Amino acid sequence: MTKRLDHTAKAGARVFIIDDDEHVCKALTRLLTASGLTTEAFHSADDYLRLEPFDGIGCLILDIRMPGMSGTDLQTHLNARNNSIPVIFLTGHGDLPTGIEAMKRGAVDFLTKPVDEIALLDAVNRALSSSQTVHDEKSRRADVQARLDTLTPRELEVLEYIVGGARNKQIALYLGIHEKTVKAHRGAIMRKMDASSPAEVGWLCSLVNLTIRK
Amino acid sequence: MSTLTVAWSMCAAACLMLALLHMLLWLKYSQNTVYLLSSLTAFAACASALLELGLLTTQSLETYRQLIRWENLAIFMILVPMVWFVQIYFSSSRRWLALTITLLWSVGMLINFVSPYSLTFSTIAELKQLPAFWGELFTVPAGTENPWKLLADISSLLILAYVGDATFRSWRHNNQREALIIGSGILLFIIFAGIHTPLVDAGIVHTPYMISFAFLAIVATMSYQLASEAMRSQRYERELQQTRRHLDQMARANLLGECTTIIAHELNQPLTAILSNAQAARRQLVLDSVEKQSIIEILDDIVRDDKRASEIIQRLRSMLQNKQVVREHFDINEAIRETLDMLKGEFKARSIDLSEHYEASMPEVYAGRIEIQQVVLNLLLNAARSVSVPSIETRMLSIRTRNDQNAVHVDIQDSGTGIASEFEGSLFKLNSLHYESKDGLGMGLIICHRIIETYGGHIRAENVAGGGALFSFALPVYAGQFR
């Protein structure tokens, strides 16, 4: 079941249409705009790549056969750059092998022209909610990272032991400091990380890359 | 009327009829020399029959002397073409023997005309009248044999050896039927004539010379064989034509299929635009704040895309219609542009770089316009296919027209894979057709070849240094067609 987008997310989302036929671009733009979406059209994959990498919530509606870089080439290119923007293929050449290949490489959908609005909007909704999930994850991760950045080097060390499951006494022993000092560090960590239990700290740290010491 | 006159005249008439028949066949298939040779043999056999009739009925020594000379010439004219007929017909026979026989007989003819009493006799003392078995009297000479007649006898023996040898070889080469009919037919009747004539000469057998009948039999044998062959070859030709028609249909279907795919892809664009525009308009109308101008714009776009779609279909229809080909004067540049219109979208989608060079003042050609467009279409599709291979990096395709005094030329060059060496030089020939070719490429080219040749033009293909292939065709320009 498709997760419904909340209104604000849909309003901020952008749909990029990439098709070498300007009339098709125009018509799709009209349709999506009338459905309350913000769109931007490009006549070639290269034109799209000239744009600053987009890291908001959005998706691509991508033709396959175009002069210059093809749609599938663009998908491969974006994958190689860890660009996670969801891709919907919209093509007049909907042959099965190409479709399977595109889906394997992570396309949200593989639609054939001419496309009905229901199918298109459904695919766009799915793409945008997947984009939103990715986006949320990313911002949460950035948030955790920001909190971690406020820790002192010593606090970070202690945190690494805490996540590894060590008790205060053991940490004091490992670091050659007093147990009371460890307790003080722990208090500071819980406060700075805005966590109420070691388990929550552990969960937050699982979102980012952190060395775990045992 | 005398039986001699009737019988020999009929023999001559039969020979003449066959001679004319063979001459007709030769005029029709002039590349086939056997018909000319058999016709010559038959004409000479006719002459021989008439001369023989003269010899049998004359009572004047002087006439006899003249006639026998000409009779010898007639025999020469029968035997030499017959030998060469065998030579051509059974290509495995010994050429030097045929040459020797011709030479010996030629010398014999020289002697025939310089010696006082022909090659046969050195003197003729008198003419005797002998009764045939039905009672009629016929003339027989009495005289001394010319020692040079040995020459004719030797070459007669050589002919036997030659034909026998040719027959045997042909038999071994699995041409039993031909060997049996032609070879043994000729052998049998030569032996008959060769035995019978000396016996008459020597006065042992009391019948007239019957050489003419032997020759008639030989000519009839040749006719029988040639006629049955002509019939068979006609049947083959009919079959070949049927095969060609069938291939034509297949090639057309192939082309149709390919074009339909392209057209379907092209049609998808306007159809997509129309559908999305219509659905967008509907959504806008549902909104309260609908702008009239916006709806008008959408409807205009829908109309434009609909026209675009119908133009695409129109192009396909005019390109592939199956109607009777009409020969007309037309501008080749324009015909090519129309064909390209259909393919440009496809080329663009395949990232093929197309360059066009049209010579400005081209004379008009006189041909089937649609057929020539099909040729161009075929060649362009082939070129596009050959550059669309992943291993090809630069996808270039150029079409150029030019003209010289006699012809307009169209060159289509690509940067593709080129022509595989095993097909180079035989690309347009039916026997090189690779039926298993996955896209009917070979077939399309054979049809192109046929179409271009129909209009007196020619087509060729070659590989280009640095990769790719060049296909060119030329169509003749007739005088007074410049505009």
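Glu462(B) stands opposite Leu470(B) in strand 9 of chain B, where strands (E, at least two residues) and helices (H or I, at least four residues) are DSSP runs numbered from the N terminus. This is a predicted model, in which local features need pLDDT of at least 70 and side-chain atom pairs count only at pLDDT 80 or more, while totals for chains, interfaces and linings use all residues. Residues are numbered from 1 along each chain as its sequence is written, chains are lettered from A and ligands numbered from 1 in the order in which they are written, and side-chain values use heavy atoms, with hydrogens and water left out.

**Strand 9 of chain B and its partners**

- Strand 8 (residues 458-463) of chain B pairs with strand 9 of chain B in the antiparallel sense over six bridges, two strands being paired if DSSP finds at least two bridges between them.
- These two strands form a hairpin with five residues between them, and Gly466(B) in the turn has a positive phi of about 90°.
- Strand 7 of chain B also pairs with strand 9 of chain B in the antiparallel sense, over seven bridges, and Gln413(B) stands opposite Leu470(B).
- Eight of the eight residues of strand 9 (residues 469-476) of chain B are buried, so this strand is largely enclosed by the rest of the structure; buried means under 20% relative accessible area, exposed over 50% and partly exposed in between, with a 1.4 Å probe and protein chains only.
- In a regular strand the side chains alternate between the two faces of the sheet.
- Here Ala469(B), Phe471(B), Phe473(B) and Leu475(B) point one way, whereas Leu470(B), Ser472(B), Ala474(B) and Pro476(B) point the other way.

**Asp411(B)**

- Asp411(B) lies in strand 7 (residues 407-414) of chain B, and it counts as buried because its relative accessibility is 10%.
- The side chains of Asp411(B) and Ser472(B) are joined by a polar contact of 3.4 Å, meaning a pair of N or O atoms within 3.5 Å of which, within protein, one must be able to donate a hydrogen and the other to accept it, with residues adjacent in sequence counting only if both atoms are side-chain atoms.

**Nonpolar cores**

- The largest nonpolar core has 52 residues, and Phe473(B) and Leu475(B) are among those with the most contacts inside it; such a core is a set of buried Ala, Val, Leu, Ile, Met, Phe, Trp, Tyr and Cys residues joined through side-chain atoms within 4.5 Å.
- Helix 10 (residues 369-387) of chain B gives the most to this core, with 10 residues.
- Apart from it lies another core, of 51 residues, among them Cys11(B), Leu79(B), Trp84(B) and Leu226(B).

**Helices of chain A**

- Helix 10 (residues 198-206) of chain A has Val201(A), Leu204(A) and Cys205(A) as its buried residues.
- On the other side of helix 10 of chain A, Ala199(A) and Ser206(A) are exposed.
- Leu148(A) lies in helix 6 of chain A and counts as buried because its relative accessibility is 6%.
- The C-alpha atoms of Leu148(A) and Met193(A) are separated by 6.9 Å, although the two residues are 45 residues apart along the chain.

**Confidence**

- Chain B averages a pLDDT of 83, with 93% of the residues scoring at least 70; pLDDT is the predictor's confidence in each residue, from 0 to 100.
- The predictor gives the complex an ipTM of 0.79 and a pTM of 0.57.
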